[in-house]
Structures are given as structure tokens and as C-alpha cells.
6 protein chains.
Amino acid sequence: MSKAIGDGLFLDAIRRLDKAAQYADIDNESLERLRHPEMMLQVSIPVRMDDGSLRIFRGYRVRHNDARGPGKGGIRYHPDVNLDEVQALAFWMTCKCAVVGLPFGGAKGGVVVNPKELSALELERLSRGFMDMMSDFIGPEIDIPAPDVYTNAMIMGWMMDEYSKIHRRHTPACITGKPIALGGSAGRDEATGRGAFYCVQELAAKRAWHPEDVRVAVQGFGNAGQAVARLLHAKGYRIVALSDSKGGCFREDGFDVPSLIHHKNETRQLRAVYCEGSVCETVEADSLSNEELLELDVDVLIPAALENQITAQNAGRVKAPVRRRPRR
Amino acid sequence: MSKAIGDGLFLDAIRRLDKAAQYADIDNESLERLRHPEMMLQVSIPVRMDDGSLRIFRGYRVRHNDARGPGKGGIRYHPDVNLDEVQALAFWMTCKCAVVGLPFGGAKGGVVVNPKELSALELERLSRGFMDMMSDFIGPEIDIPAPDVYTNAMIMGWMMDEYSKIHRRHTPACITGKPIALGGSAGRDEATGRGAFYCVQELAAKRAWHPEDVRVAVQGFGNAGQAVARLLHAKGYRIVALSDSKGGCFREDGFDVPSLIHHKNETRQLRAVYCEGSVCETVEADSLSNEELLELDVDVLIPAALENQITAQNAGRVKAPVRRRPRR
Amino acid sequence: MSKAIGDGLFLDAIRRLDKAAQYADIDNESLERLRHPEMMLQVSIPVRMDDGSLRIFRGYRVRHNDARGPGKGGIRYHPDVNLDEVQALAFWMTCKCAVVGLPFGGAKGGVVVNPKELSALELERLSRGFMDMMSDFIGPEIDIPAPDVYTNAMIMGWMMDEYSKIHRRHTPACITGKPIALGGSAGRDEATGRGAFYCVQELAAKRAWHPEDVRVAVQGFGNAGQAVARLLHAKGYRIVALSDSKGGCFREDGFDVPSLIHHKNETRQLRAVYCEGSVCETVEADSLSNEELLELDVDVLIPAALENQITAQNAGRVKAPVRRRPRR
Amino acid sequence: MSKAIGDGLFLDAIRRLDKAAQYADIDNESLERLRHPEMMLQVSIPVRMDDGSLRIFRGYRVRHNDARGPGKGGIRYHPDVNLDEVQALAFWMTCKCAVVGLPFGGAKGGVVVNPKELSALELERLSRGFMDMMSDFIGPEIDIPAPDVYTNAMIMGWMMDEYSKIHRRHTPACITGKPIALGGSAGRDEATGRGAFYCVQELAAKRAWHPEDVRVAVQGFGNAGQAVARLLHAKGYRIVALSDSKGGCFREDGFDVPSLIHHKNETRQLRAVYCEGSVCETVEADSLSNEELLELDVDVLIPAALENQITAQNAGRVKAPVRRRPRR
Amino acid sequence: MSKAIGDGLFLDAIRRLDKAAQYADIDNESLERLRHPEMMLQVSIPVRMDDGSLRIFRGYRVRHNDARGPGKGGIRYHPDVNLDEVQALAFWMTCKCAVVGLPFGGAKGGVVVNPKELSALELERLSRGFMDMMSDFIGPEIDIPAPDVYTNAMIMGWMMDEYSKIHRRHTPACITGKPIALGGSAGRDEATGRGAFYCVQELAAKRAWHPEDVRVAVQGFGNAGQAVARLLHAKGYRIVALSDSKGGCFREDGFDVPSLIHHKNETRQLRAVYCEGSVCETVEADSLSNEELLELDVDVLIPAALENQITAQNAGRVKAPVRRRPRR
Amino acid sequence: MSKAIGDGLFLDAIRRLDKAAQYADIDNESLERLRHPEMMLQVSIPVRMDDGSLRIFRGYRVRHNDARGPGKGGIRYHPDVNLDEVQALAFWMTCKCAVVGLPFGGAKGGVVVNPKELSALELERLSRGFMDMMSDFIGPEIDIPAPDVYTNAMIMGWMMDEYSKIHRRHTPACITGKPIALGGSAGRDEATGRGAFYCVQELAAKRAWHPEDVRVAVQGFGNAGQAVARLLHAKGYRIVALSDSKGGCFREDGFDVPSLIHHKNETRQLRAVYCEGSVCETVEADSLSNEELLELDVDVLIPAALENQITAQNAGRVKAPVRRRPRR
């Protein structure tokens, strides 16, 4: 995700806003405010690495708008994250919270890091360092982060603990997506995927679909992708295609999703398998690239990887009549 | 000052740092920290204009490094100010405070605005709005702003008052360059120019110059330029060239600086005059452009306008053996 | 409301307290505490008017007693408001909260201003200025204001925003009666009138009244008066007399209250009308003064204007067997 | 000091302000601000008496204006203190601080109590209770009280301790006039009297007086009166008349002031005595009332009791060409 | 409770922890943290006694562990309380909160005092003094005390009021067990005894007991003992033995518990009585010591006095098959 | 230093206080307050070791008395430190600050650790952890730590940084003995030794000693010992005996102290040497134990190691007529 492309993300969002405004009864002042993120913070986080060396990581937090309540939005850890992307995502959080009527504004954050290259202790120090520098910006009544790409409950727990240390009181409400033992919400884990699942359910009811006739492709096999695939499969939908960052597989009859999840968790690899207990056997399936998956002739396409997979270039080739990205 | 050039300002500063580091005994970790500004904040400041409309202004504050103490650095109001420039100036503030041994770190701020287009009440609302959004970042022991290009004591006074209102106590120490009646420092006003004057004095002593033989050109006739020209003139130096943003004038015999200052204050115009009381007469002088002034064959050239006037392009043509920009 | 009368309001309240104490089992220390308002604050609020001039308004806040919890009570904007009145109303708030068992103490506030003479921007500046000066006194766990005479949801919203700005966090709980979009409570708007309506309902049940036989007079046609009249009318009561500050009207058969409300909202005038859609026609009715209304021979008299309309002078002439003032 | 007279004190002060404004170059907005005290606070302080009963005392604090810095002004304990008086004295504090160029605004406080009727423990509880209720209003950068009529260093010490307890840190700067061991200033004790003494000294220098020829009358023999009398006597001035609240004495040759101070401290009585060591003998002197003292034909008259002793009624009868009240 | 025994209480608790750890799946780090109380605070509380003298009391607060949430645990007033005991009880609070799944950690406090020797006003001053010194340690999100041995709702109320005074806002959540009028919970009073009652009920259900056949002995007739005895008696259990600190009584047929409670409340004495209205008559019963009570041959033994009544020495002699100490 | 001995340290201090009180005019209440340390805090500090394991360290802070101002006293890192010792040292700090008239109270702290066994990063984590847990207790106006046995400027710097992070502002005043670059005081380093040096100088002046005749023994060759030895040597005193924890050396002619310091810094060993530049040669000297050093027949004995070296046992054998321990 180059900076040039990045620059486009927020501008693109504002262009969509302006287009939408033509159809909505929204006064000019509100529109003008939506065009300008209220507050954008960039910090440099020094982290002592396990080998004794010092590395400095760049962190971001954008509070796009808090007219409706404290900011709300995730923190992602990704080597390509940049201010433009964070700014755009914060804008969409403002919209999303407003659309579903939550008393929250929109915010987003990120750290430029490949978390897979860090040890657990390094990750803890980075996460605490991020919260340390952001601490005057965050709070139950100011701005409330959450997990996002490559961040998880444990990272939220470290951040909450650092925040509580600085503010000298238990403050679980300063962040969501914490471990359940520290005050996290049950079901939070698979909420993104479950949201997509509910959408498909609603649609199926409306169109009087029979699940066994509905052929579904899911791009991305992380937290969101696994959850939506598992839930749809349990309801009888046919999950015919799945992929992760390394590629995917296709099978007309559909996959036994729990088997693929089990195998992925054991081996970190997505493979077309069927498992009995802990014994997994490969099943017949076709390989396909992420690009091919998007263009499959399926009934429902669920892009559950990073955003911006469906672009002006490939949109014309997407054949699935229904496609929806689970939103965090 | 286009963004493209802007982008270069901070990178350019770091390049100079790296070059300097080759000659200094500075450990790598310190160097690495200096390469990354600690904290950069961008805000959108909504201001109600006198005509009832709403305008949103972009504001910046960068705290480059606070290892030696609270951040210190001015806030400039300028239509071309941008994050890169503010970042670079904050870096130089870190260096400047360290070089003279002050217990302060480096910071800088700015607002994208042409203050000449705003009424006094609009300017007040903008300045209070800026401080309101920056208020968690600023403080006597955190970061202490000051006036800079197109900001003045009155603006600092508004900001201090807003800060005091929010923090519920008189806090004159949160900002410097306030009106003297509100706790400002005597002499603050002309300190920038006086610093340049001291440098010339030191040099004159070292080189055994006679002031009346020293021909001085001053680019810029704002606060700094007027002060250094007036002080040098009072000591007998020959001020042979002066300019403001609209151009300059040259006179081999030197100007009567107080006359030009008086006339400028009365008419907003720089003209080659000599005044008796309030009666001013034009004196013979040549017109010259700002570019020509820089390349005059004088003994001392003082660039007292915006930074980056002497560039790779014109540096070779500067003939003055001594040139120094007064630093804020 | 002259100061002389004003002075009497709090003393009068204490006299009633002392009389009541003879019948209640209340220890002397509690009584003594109730006789002395805990805290009374008077402030001068400088406001920049739209024409550039400066006006200074007097504001009050009295916290009468907070033994049972944070203070609670409205802020009124009225040219005649004074400390005595505010003190008395704060006392009654202590009693009212205690009587209905709310965990709140009693408080009240006011600003000496005729809000009708101010523009919306002036009103905003006044309201923010009031909260700015009161800010250390107010808070979800200290004292929680609300709207009162001539203050409304928008004013509460400005005050909440100013409080949140000063306290650096969203604090909707610092004030009640906010716009619903900012966290206000549904139904808050007509709560005062609805309370009076419930009282009449209770009474009707107890006395086995048929609404169509009950003749009601309502003095005051503001928020409270309109609501109680509308609700009673909807249940079939006969609203035979209505008035606003300029006088009233009487009609034996009762009025179509929604018509009168519609017309008042359109024209700011109370008139005896009947409307079909937006077309209103005058209906036959007698004019009467506010004094005459109070002395009408009706079944229920609801004084919904300012307090102290029924006095020692006219009390003997009030014929309605049931009279009750809706309480904020 | 009846309330009726009291009401006049602040109005009278504003009338003087308006008269002075005719001669001064002061803009209307500043004048308007000076006419309105910024903040006036009245509190009820419940105190548990030594006999177990509860008494509630009324306390005041007025911050008249803090444009020049935190409020400054004493707290008096007096049965007749009232809001009007405190308001007027706060106004004069604004003027006095401004006149001598101190970076402070004007404030004043008081408690309605006859401190002579309270035990030391009751006085401590009252003083702590006062500070408890005032605590959000007071502070080194907000408003800094001091002793005044019938309050002393010990009372300031209690208040400072209570303030420090509430604010969780040693805060000696929240109040002046503390015991020296707790951070009080040396010389504070007799500063009021010494100020008057300096005035007489300056005048004597200007008029080339010989102290032994100057006949001085001092009304009031409390802290201020004793100090000025002692200091003038030590320089050789003739102190011919002295009085306390019960009356005074006159002696053409002047009194040995240290003897009278010693005797007063031993016996609480002002008597015309001369002491050798601890043995005091009465000296010949005439009795006189406080009124007579004011009208004595002396060179210098020093009113060192409560304010407003010289009135429209008796001003014409005052014969002393120089009269000055020591100001706190 | 000598210090020597005291020293054993915490060590004894840790020994039990280590024993339990052998059977539980608990990682070493968690175990190590449980072995070390996070924070232990000892303070000296100066109290002015009614006779004017000064006494200094020792107070304790231990926060054993707050990984699961704010600390929670009572404050006891007892002449023998010491740091070891408080430390041990805080440890057990950690365990108890965790076992029942409450989001609280464990804490405990105490003051070395015999509260029976203090007047109500002295007790108030002591309780406020304790909270004053502990105030930075306590809070709704930090550590929340409660009543314990010889402390009650009134003491909690004083402490809450002192905390609210210092923190400048109503903070009922800083302590539990307050008077209901100040925000206490209904039923809190007898919760300890009711807990024990529920245990017996559960057991009775499991073992299909008939209450009238179950013979119960209750050691201790304070808050907990009275409540459990009363509740069991009301369900038909036979309360055959009761005791207070001065000894007990036994009656094979069981006692009419309400009569004994009534009599105890009237006379401060535990006696075997039966009351009709306010008239009580002695019933036949055997006297017995507290030691004898513990060793009675009953079905259920409820030790409701201080902890550590059943020791290595007498445990072998306890005959009751079911014994349980109500836990605070 | 066993606990048994430790227990005696505070009691011993109080015994000395009581003895001193017989000769001083000190009221009983003050005495009683001095007998009870105001506040004692014990914490458990979890530290992640470099090998990934977790260790928990015990830390202490005692504020003995703060009547005269914020607490003041060092933090020592020592495996034998315990609450009794810290309590006693805090008591002596109260006395020492009062004796020299500083506006500070007495405090002391400690951590049970052998710092030589920790890596620099472990030491940093421990020091930050200590400050984290103590942070509500420490502050420029509350209690201000300093270095002590085995703690140094770097440790103070870490603590200051942690404190500043938690309190969100540069707070160098929260601790003394910081690195000079972070706001430490010049000369702080050798202040302890210089104090002892001044004492000897004063004595020498009084007794008209010639330095070259004065034979000095210094026990302890750490910061204090080296400084006093170096300063005395520079003035011409004969330093005849020196020791560190491993033993000492004696030389009748005295040592060239700078040589021994140089050698110790290079080799961590105390040896009797004479150095020219970096070349050191052994000089003739006798070995002696620390016990023997104390009993040497010298003119001045300076115990500059840990306290309590001169005991009831060996006091009789100390022959030096002058002995004084440098006090921190």
C-alpha cells in the first residue's frame, strides 16, 4: 500500500461523502466538519528489543469526529499502515457508528510494524509504549480503541493495564476487545464474522433461499473469515471457496469448514482437508489465487481480508451478485 | 512553499544531522531518537466568522524531543505552513535549545491561515480554538509555545487566557511572548533582532571593525529586521540596503533607520525617507528586488525574512562575507 | 417581581418549613441545616454582543443542600431573577427530591437576562460564559442543572459542550434536558405538564370523575401549560380557559387544544381557534385577564405560568376546588 | 454596621470609581468590568461546638477581578461582616494591587462570627470548615487569602493545613500570613503598621519635620495601631493620644508606647502607664472617647481601627492636617 | 491474639495456598504474585479526644492483589488487629472474590482501637482521620472498603463523607455497607448471616433434612450470629446453643431466637429467655463456655465470632459434622 | 543486619528521642507525634528478568513526619534493608532537616535487593516499578526521595522519568540526586563526603590543628569515603588508613589518595598504590580488617561505610578522639 495510493483513501472517502450529500438532507456546516478530521496524532515509540538494541516505531491515532460521543475505532499493527489509511478508516467509523445509532464518534489508530517479527515481550513493550504516548487522548469518555488487523485481546489487555497504571485506577472501559477475564465482552471475538453471517441470514430470509443451494466464497481466513465461514457452514450453506494471504482452494461441493479451521490452527496453513478428531485427510479441491476467488461465479462473495480488494480494475469481473466485507 | 519543497525540509534537516554526527561523539541511539519527532498533532479548528459562516482551519504542533526539558518553540500563522515545515523547525528548536544549554526540548506549531484576512475577533476565536484543541499537550512542564511569524503578544495573551480557563488557574507560564501586563518579559519584543545585533558586535570586536566602515544589508523589515537595523544604526553601522516583502532600496551612504521605521509604521510602506519629527522627505536611493539585495556586495548580509532565502541556486552569488539569519 | 417581594420568597419558604416541622418528627439539627443554603454563587458574565460591544450579565447558582446526593435544579433566564428567588427555589428542590425519594439534593440557578433580546449567537456565548464560571461547581456527582423558565435543550447542549471542553471529556451527565441527540431523555420535553396531567388523572380515578364533565382552566401556555392542556384534552377533559402572558380566553364548551397550540406555534399568539390542517378559524370565546382566569368557577385550575400567582390577596377568590402548579 | 449602611459600601466604591474615571484615561469596557465583581460566594459552615451542639456560620468570599493575576485579600471574622462590605473591600484590593503594580487581582472574605466567643478548638473547626467549602476557589494561582480583622497566623495555618489535606500536597502558597514555622514571611506581623510608619517618615522628610515636634494620635490599639505607634515612638515622634474599642487617653507630652503595649498585653486593657521591667505605674493623662480622639488638634492622625471612622458627619471636625488609615 | 500468633496468620495462609497449588493447574508466576501482597500501608492517626488530649492510633490497609479488579475488603476496629492479620485476611479476600467470580481483588484494613472506649464524636474523628490518610489508596476503581468487626454503617458513612470532601464530589461508590439513606444496599446488614443460612439450606436440601430434627449451635451473637440464628429458627431449625463473648447457654429443645435477640438488644446481655411482647421470662437452660459450645454434639456448628476459634488443639474435639464460619 | 537487630533500630531511636526530650523544651503532643511514623508503605514489585523469569522484590517508603514540609530522604537498595531500618532512618531525617532548618520533613525508602546481581536493564525495570507503585506518595510537595546506599544518579533519573510519565509532565523536582543533565545539582555527588570534610575543617580551625599533623582513618571507600579522603588529602591531612568492604590498609606516612581512587576505579580493588599517570606501583603498607581500623590510634576516625559500625561492643575500644559518620 504505497503512500500515493494511501493519499487517495481519505480523499476517496470524502468524494463519496460529497456524492452522498447530494441525496441527503445534510447542512453544509455538518458536511464541512465531516471533511476535516478533528485530531490526528503521530508518535514515535522507542522500544527496547530483546537483543538490547533500540527501535523506534511510528504510531497513529486519528479522531475523526466526536459530535455524537467519544471516538471509537480499532488499532491495527501492519507494516503498511499510514496516516491516510487511518484517517479514512476513522472517517468510516464516524459513519458506521452514526448509521447504527451508537453514541460514539469515529476514530482509528495504527502502528507501523510487522508484529510477526516481534517477540511477545517486544510486542508488550511496543503496545505499552503506544498507550503511554497516547494516554492523554484516550479514555472512556474521550476515545476508546479496540482490536483491528493483527492486534488481539492480549494487546488490548496490555494497553488497558498501561492506561490504568498511568491514570491510577482500574479503567477497563478505556478499550474494548480485552480478554474476558479483564472485563472483555463474551462473543466479541467472532463479532465481525457474525455480523456478516447475520447479513447473509437476513438476505436469505428475504429471498427465500435454501442454504444448501447457496454457494459462498470467503476471501481471508483470519478471525473474521473463519467465523463467518463456520457460522454459515453450521446453518447448511455451501462454502465452496476459501483463501488466506497465500492463496485459496475451491470445491464445488463445499468444504467442511471446522476441519479447515482445525487444520489451520494446528499448522498455520489453509488446506482442503476433512478431519475426524485430530486426523485430517486432504480432500479433492482446486487451487486458486485470491484474485480468482473474487471473480468466482458464486452466489455470495465475502471479502474478509484487508480492505480495498475489490477495485475499479476488478469490480467488473466480480460475478457474485452479493458481496460484503465484514466491518470491524 | 509547495508541499514538495516542504517534504524536503525535515529530510534535509536529518541529512544535516547525519552529516554532523560524523564529526560529533554522539551515540547511535540518541541519533536515532533525533531522527523521529516524538509527537505530531494536527487539528481542525472550527471558527465562526463575523458574517456568521463557519470556517475550519488546520493547526499543527510538533514536539520533536523533550529529553532535556519541556518542548519550546513558536506558533506561526501562515497560509503555506505545513507539517513538514513545522517538523523541521521543531527539530532545529531541539538543537538550538541544546546548543545554548537551555533546559528545554524542541517544538513548533502553526496554523494554515492568512491572519491579515481575519478580523480581530475572528483571530481571537481562532487562537482560542487552537489552544482549546491543543490544551492537553501544552503546559509549563510539557510544551511552551511562543510567538512566531505573524503571531504576536496579543495572540499569546488570548491563548494563555484560554489555557487558564480550561485548567482553572492563572497559568502565565504556559506560553512566552505574552503582553508585559500579563506577565510577559521586558525586551522580548526585539529579542530576535537583538540577538543578531550581538552577533555582529561580537564579530566586530574580533575583527576590530569600525562600525562606520561596515556596510550592512537587511532583508526583511518586520519585527526582527527593524530591531537589528535600528540597533546597528544606533551603534554607527552603515545600513545600506533594506527590503520588505514588496522590494527594497539601496543607498551607499546608509539610511537613517529610525526614519524608515517611523514611516513604515505610519504608512505600512518601506520607503527611503528622512524624517524630522513627523515630517518625512524622500531621500535618494536605488530600488532593488529581494533577490538583488541578497547578492549585494556588502560586508554583512542579514536575512531577516522567512527561512530558506539563500538556496543552492543563489548561494554562489551571495557576496557578503558575513550573513546570518536571526533565529527565533 | 420586585426585590422586596423577592426577599420574602426564601424567608417565606423557611417559615413554611418551620410550620411543617411542628407536625413532623424532624430533629433540630436537620432543621437548622435546611434553614441555611450550603452554597450560593453569584458571577458576572462578560458577553461580546454581535455589534461588538460588551455586556456583563449577572448569574446565580445556589446549592441548598446535598445531604441526599448531588444538587439538582434548573437554570432560568429572566430579567427579574434574583438571589432570593433562586435560593427559595433551591430550597423547594431539596424538598421535592426528598419527597419523591430521589438521591439528589436541591439546587437552582439563574441569569438576569431577557433572552428574547439576544441573538442565537449571543445566547450561546452567554450560556457558555455561565458554565465557564460555574464549572467548578457543577458535575455529575456535584450539582446537575436542567432547563427552567426561558432555557431549553439547545442551551443545555451548549452548556454541556462547554463543560466537556473544560473537563476534557464528554460529560453528558453534567446537565439534564439536553437535546436527545446529545444524550437527552425522551419525554423530558413535556415532563412538567405530564406530571400535572398524572395528578389530575389520579384525582379523577379517586373521585370517579367523567372527564367530559370536568372543566379545566390552565394559566400559562408555555411548555408546561401546552402539555398538560393537550394531554387532558386528549383524554376528554373540557379545557374551558387558557391564557398566556398577554391574557386569555374562555369557552364553556372547551377548546380544541391542538388547534390553539398549532396556531400559537405559527403566530406566537394565543387565540381561540379551530384548525383543519393548517387553516384556522376563530371560534367564539370570551376574553379574560390572567387574574380573572384564576378566579373562574371551574373544577380544576392549573397555574402553569410563573410561581406566586395565587397570593394572600386573591386566594380567597379562587373558586376551583382543585388547583395545582406543575413543578419542574 | 447595619445592612443599610453596608449596602452603601460597594455602591459608594463604584461611585468613587466613576468619579475617578473622569480624570483617568480608562476605556469603558475596563470600567464596566470593574463595576461587577467576578465571583461572589456565600457558604454555610456547620460547626460542632464544644458542648456538642451544632452552629451554622455564614462565610463569604468575593473575587472582584483577576485580570492582573490571582485574587488577593484578607478574611475577616466579625459579627457584622456582610456581603456588601466584603464586595467593597475586594474592589479596593483590586485597586490597591494595581496601584502598587503587584501581579494580583482583588478579593476579600469574611465569616459572620464573634471569634472571642469561641474556644480555640471551635475556632479551628470553623476555620477548617470555611476552607473546606471554599477549597475549589482558593489556590496559589487562583485566589490567595490572608489575615484580616480578628484573624491571625494560627487561623491561616489551620486553613493552609485543611487546604493541603484536601489537595493532597503541601501548599503553603495558598494563603499568606501563616506562622513563620509553616512558611510565613518574617515581618508580616507588623507590616500594616509599618506601612503607615513609612508614610509618616516620607512626609516628615518632605516637610523637614523634627519628630519630637510632631504630635501623633492613633485610633485603635490592635496589631496595626500598636506597630505604628511603637515604630514612630522609637523614632522620637510624640504619641499624644491612643485608644482602643473602649476609649482612649491623651497626654500632651506623649506616651511611652512600649509601656502601654506591655500593659495591654498583660491585662487586655489600654491604660496610661509607664513601666520599668514588669512594674507599671499610671501616668497622668486625660480620658477621651474615640470620637474626641479623631477631632484632636494634632499633627498626624492615624485611624487604625475599623474602616469608615471618618464620615461625612465628622470629617469637617477633624483638625489633623495629616490622617491616614493603615491599609491591610 | 499475640503478635507471635499473628505472624503465623499470613504464613499459614500461604502454606495453604502452596498446598492447594499442588492440586490446581496454576502457573508459577501467578502463584508467586499471590504470595506477595501488592501494597501494605500503615498510618498513624492523630485524634483529638473529647477531653482535649491527643491520642494517636495505628491504622492498616493491605491490598493483596488487584489483577481481577479493584481491591475489596472490610475495615475492622479492634485492639488486637495487626498487620499480619490484615495481610492474611486480604489474601483470603482475593481468594473469595475470585472463587465467586466477582470482578474484585482482595484487600483488608484495620485500626488498633477498642471502639467501645470512644465517644461517638471521637469515633467520628478517628474514622475521618483514617480515611484522610488512606484517601489516595481508596476509590471506586482502586480499593473499596466495607464494614467488618466493630465497624458499622455509620462509620462507613463518615468515611464516605470524608472521602467525598477530599475528592470534591459525592462518591458513595468508594465504600460499601453505608447507611441505606446514603446509598447503602438493602439487606447488606444481615448478609453475612444470611450467607451462612443459605449454606445450611442447601445442605438440608441435599441431605433431605427436616429442619425440626437439625440441632444447631451458634458461637457469637453479634450481627452475623443473630442473623443466621434468626433465619434458621424462622425456618424451623432447632437452635440449641448460643454464646457471646461472655459465655453461652444450651437447651435441648432449642431457643426462641427472637426473644433472645430482643433481650440482648435491650440489656446487652445474652440470656435464655422467652418474651411475650416486651416481657421476658427466663427459660431453663444450661450455661456453657465458648469452648464447650464448640465441642457440643450438634448437627450444625456455626462459628460466628472472631476467626481462628477452631484450632489444631480443639479441632479433634469438635463433634458437629457440619461447621462453617460465615464469611464477610 | 538481622531482623532482630533491625527491630531495635526504631525503638532505639525513640529511646534517644525520649532521653533528649528531658533536656529540651518540647511539648508532649509533639513528642507523641514524633514517636509514630505518619505513613509506612510496603510494596511488592514484580520485575521481568532478562532470562524471561519473574521476580518480586519488596520495597519500602516511610514518611515519618511532614509537619515542617514535604518528606525528604534517600532510597537504598540492599539485601538486608527492612521496615525497621527504614523507619529509624526516616525518623533521623525528620531530626536532621529540622536541626539545619530546612523546610522538609523526614522520610526514607528501600528495596530488598542486591543490585550487583542485576543487569542494567533489570535495575531500570526494578526502579521504574518501584516508582510506579509509590507514585501517589511521591511529589515535589509531598515526599522527595534521593539516592542512598547502592543507588545513584542514573537510578534517580529512571525514577524521575517514570514519575513524569505517570504524572504527564516533566517533574524533575520529584527527586534529588538526578544526573546533572536532567536537572541534578552540581556538587551533589560528593556532598556527603564534603560535609564530613567541612566538619573536620571547622574542628581544625577551632583546635588550631596543622593538617599535616592530623592522622585520619576512613572506613569505607565508596562515594562518601573517597570524597572526604580526597578533600582532606588535598588540604594536607595525613590519610593513614583506608578500607572497603573487603578490608583495609594502613600506612603511617599517609596515602596518596588520588592514586588509590584511580586504582580502585580501574580495578574495583582498594590497594596501597602510588600512580604516575596511569602507571600504579604498590607502596608499602599494612593490611588491616575493618574492625582493626575502627580501633586505630588516630586523631580522626571517619566511619563512611554503613551505619552502626561503632557499637556498644567496640565503642570502648575506639581510640580516635574525633569520629563522625558522614550523613546523607
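How many residue pairs are in polar contact between chain A and chain C?

## Where chain A meets chain C

The count is three residue pairs in polar contact, with both residues at pLDDT 80 or more. A confidence cut-off applies here, as this is a predicted model. By class, the side of chain A that touches chain C has three nonpolar, one polar and two charged residues. Salt bridges are another matter: the count between chain A and chain C is zero.

What does each chain bring to the contact? Six residues come from chain A and four residues from chain C. Between them, the two chains bury about 490 Å², with 49% of that area on carbon and sulfur atoms.

Next come the cysteines. Over all chains, the model has six disulfides, and a disulfide is a covalent bond between the sulfur atoms of two cysteines. Cys275(A) counts as buried because its relative accessibility is 11%, while Cys280(A), at 24%, is partly exposed.

Chain C has a disulfide between Cys275(C) and Cys280(C), with 2.2 Å from S to S. The torsion about the S-S bond is about 100°, so this disulfide is right-handed. Cys275(C) is buried at 12% relative accessibility, and Cys280(C) is partly exposed with a relative accessible area of 26%.

In chain F, Cys275(F) is joined to Cys280(F), and the S to S distance is 2.1 Å. Here the torsion about the S-S bond is about 100°, so the disulfide is right-handed.

## Cysteines without a partner

Cys249(C) is in no disulfide. The nearest cysteine sulfur belongs to Cys275(C) and is 12 Å away, whereas a disulfide needs sulfur atoms within 2.5 Å. With a relative accessibility of 7%, Cys249(C) counts as buried.

Cys174(F) is also in no disulfide. How far away is the nearest cysteine sulfur to that of Cys174(F)? That sulfur, from Cys97(F), is 17 Å away. Cys174(F) counts as buried because its relative accessibility is 0%, and the cut-off for buried is under 20%.

Key:
Residues numbered from 1 in each chain as written. Chains lettered and ligands numbered in written order. Predicted model: local features only at pLDDT ≥ 70, side-chain atom pairs only at ≥ 80, totals over all residues. Heavy atoms only, no water. Contact = heavy atoms within 4.5 Å. Buried area = accessible area lost by both parts, 1.4 Å probe. Salt bridge = Lys/Arg side-chain N within 4 Å of Asp/Glu carboxyl O. Polar contact = N/O pair within 3.5 Å; in protein donor to acceptor, adjacent residues only side chain to side chain. Nonpolar A, V, L, I, M, F, W, Y, C, P; charged D, E, K, R; others polar. Buried < 20%, exposed > 50% of the residue type's maximum accessible area, 1.4 Å probe, protein only.
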